[in-house]
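Reader: I would like to learn how to read a model of this kind. Where should I begin?

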Amino acid sequence: MYDAHNPRNPYLMEAMMHLELTFCGYEGTRRMRSAMQKARLPEPHFKQIEAHSYHVHVTLENDVKNRNSFLPK
């Protein structure tokens, strides 16, 4: 998942790049994983489901007792 470049919505990705909210492909999943690691939370779990088209479900787990907030207060 982290080494593949397959934007689910290429139009949205192009707009985000234009607005400089993202700068390169692969950034979304890698940034998600990095943010979770910085907060000392479990890595995201990805599940791809093929119904009429492909759907990707992401599970982000929280650990309120043990997390380390890296955001400014």
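Author: Begin with contacts: two residues are in contact when heavy atoms lie within 4.5 Å. This is a predicted model. Among contacts in the protein chain between residues at least 6 apart in sequence, 39% join residues at least 24 apart.

Reader: In what order do the elements of the protein chain run from the N terminus?

Author: The order is α-α-β-β, with two helices and two strands in the protein chain.

Reader: How do strand 1 and strand 2 run, and how many bridges join them?

Author: Strand 1 (residues 45-50) and strand 2 (residues 54-59) are antiparallel, and six bridges join them.

Reader: Which residues in strand 2 are the bridge partners of Lys47 and Gln48?

Author: Lys47 has His57 as its bridge partner, while Gln48 has Val56. As a general idea, side chains in a regular strand alternate between the two faces of the sheet.

Reader: Now accessibility. Is Thr29 buried or exposed?

Author: The cut-off for buried is under 20% relative accessible area. Thr29 counts as buried because its relative accessibility is 16%. Of the 73 residues in the protein chain, 12% are in the buried class.

Reader: And why is Leu12 called partly exposed?

Author: Partly exposed is the class between the buried limit and the exposed one, which starts over 50%. Leu12 falls there because its relative accessible area is 47%. Leu12 sits in helix 1, residues 10-18.

Reader: Which residues form a nonpolar patch on the surface with Leu12?

Author: Met16, Leu19 and Leu21 form the patch together with Leu12, and the four have about 380 Å² of accessible area together.

Note on methods
Residues numbered from 1 in each chain as written. Predicted model: local features only at pLDDT ≥ 70, side-chain atom pairs only at ≥ 80, totals over all residues. Heavy atoms only, no water. Patch = residues over 30% accessible without salt bridge, like charges linked within 9 Å, V, L, I, M, F, W, Y side chains within 5 Å. Areas by Shrake-Rupley, 256 points an atom, 1.4 Å probe, with all protein chains shown as cover. Salt bridge = Lys/Arg side-chain N within 4 Å of Asp/Glu carboxyl O. Helix = DSSP H or I, 4+ residues; strand = E, 2+ residues; numbered from the N terminus. Buried < 20%, exposed > 50% of the residue type's maximum accessible area, 1.4 Å probe, protein only. Pairing = 2+ DSSP bridges.
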